[in-house]
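Subject: Structure to look at

Hi there,

Here is the structure I promised to pass on.

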Amino acid sequence: MNVQQLKTFVEVAHHGSFAEAARRLDMAPSAVSRAVAALEASLGARLLQRNTHRVSLSDAGAAYYEQVVLVLEALEQAADQARSASGEAQGVVRLTSTVAFGQSQVVPLLGELHALHPALELELHLADHVVDLVAERIDLAIRLGPPADTSLVGARLAPLHYRVCASPGYLQRQGQPAAPPALAGHTCLRFPKPGFRTQWAFRDTEGHVDVVDVHGWLVVSSAMALRRAALDGLGVAMLGHWLVDADIAAGRLVNLFPAYQVAAPDFGTAAWLLYPSRAYVPRRVRAVIDFLKARLTA
């Protein structure tokens, strides 16, 4: 049994594309085609149906695929247990996070992670869209909010806090709002996510909540770009504490309502560490889970 051929076949079948499998396996497309052809020849069966638009599994290929996936998982578990005898976590771990949270909170921890687990190789995928962990073969995800996908296992990390802030230049031109309802007269820089785009909520020390309708000419899909727009004086923004607290401390931005808790969808949200539900979590993945929980849990 040629394990590399099996892995190549599974990747082609999973993505329905020789080219995509080649990209993900870092192989030449011709090498992928040869590996699958060799596997089919050794079995004497056609596993994949090819046409100009897509590659699909034959009936024999579908049955074979289900069994091969289980075999590869068993081999991975056996290899992981063998490596564990050395006491070191080894192998590749794929982690995804939003761009802003990843840059500001995860990247500064990577040196310490490497020092603790030098045999680990980490692939960090930063994206502001929700990544399909199974389709993209991602081991772990940090999401800013509770898990919506019940097929994922979740661990709650640090609570999320937001600041409503603006640059000193903007406030000099437009004036500083005395209370949250005054934002109705200001240009608000908004994030195109439910809640963040239309209404911001403020809770005072006595627990009273004001929900304020916000308006403005600029909607930005990137938190990093939204921060840049706020620094450039384009308006008032609601941004995560992990992204703007250093700017506030340095005077580049002003926290307009420090006496209030601020939220868009709801209060008490947190970052979550999520991973696909599976019977066996490899040691290399467990090592990163334990590290991030220790460093990012309040």
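Below is what turned up, starting with the core and ending with a single serine. One thing to keep in mind: this is a predicted model.

**The cores**

The largest nonpolar core has 59 residues. Leu140, Ile142, Val164, Leu183, Trp200, Val236 and Leu292 are the ones that touch the most other members. Helix α10, residues 283–296, gives this core its largest share, with seven residues. There is also a second, separate core of 17 residues, and Ala13, Ala22, Leu47 and Leu72 are among its members.

If you skip the neighbours within four places in sequence, its contacts include Val164, Leu183 and Trp200, along with Tyr170, His186 and Leu256.

**The sheet**

Next, find the open sheet of four strands, which come in the order β8-β11-β7-β12 with mixed pairing. β8 and β12 (254–255) are the edge strands, each pairing on one side only. Strand β7 (residues 162–166) runs antiparallel to β12, and two bridges join them. For one of the partners, look at Cys165: across from it in β12 sits Asn255.

**Helix α8**

Now for the helix that lies across β8 and β11. α8 runs at about 140 degrees to β11. Which residues of α8 (residues 223–231) are buried? They are Ala223, Leu226, Ala229, Ala230 and Leu231.

At its start, a side-chain oxygen of Ser222 comes to within 3.3 Å of the backbone nitrogen of Met224. After α8 comes Gly233, with a positive phi near 80 degrees.

**Ser167**

Last stop: Ser167, in the loop between β7 and α7 (168–174). Is Ser167 buried or exposed? Its relative accessible area is 4%, and the cut-off for buried is under 20%, so Ser167 counts as buried. A polar atom of its side chain lies 3.1 Å from the backbone nitrogen of Tyr170. Leaving aside neighbours within four places in sequence, Ser167 is in contact with Ala230, Leu231, Gly233, Arg252 and Leu253.

Terms used:
Residues are numbered from 1 along each chain as its sequence is written. This is a predicted model: local features need pLDDT of at least 70, side-chain atom pairs count only at pLDDT 80 or more; totals for chains, interfaces and linings use all residues. Side-chain values use heavy atoms; hydrogens and water are left out. A nonpolar core is a set of buried Ala, Val, Leu, Ile, Met, Phe, Trp, Tyr and Cys residues joined through side-chain atoms within 4.5 Å. Buried means under 20% relative accessible area, exposed over 50%, partly exposed in between (1.4 Å probe, protein chains only). Contact means heavy atoms within 4.5 Å. A polar contact is a pair of N or O atoms within 3.5 Å; within protein, one must be able to donate a hydrogen and the other to accept it, and residues adjacent in sequence count only if both atoms are side-chain atoms. Two strands pair if DSSP finds at least two bridges between them. Axes are lines fitted to C-alpha atoms, for helices over the stretch in contact, and angles run from 0 to 180 degrees between N-to-C directions.
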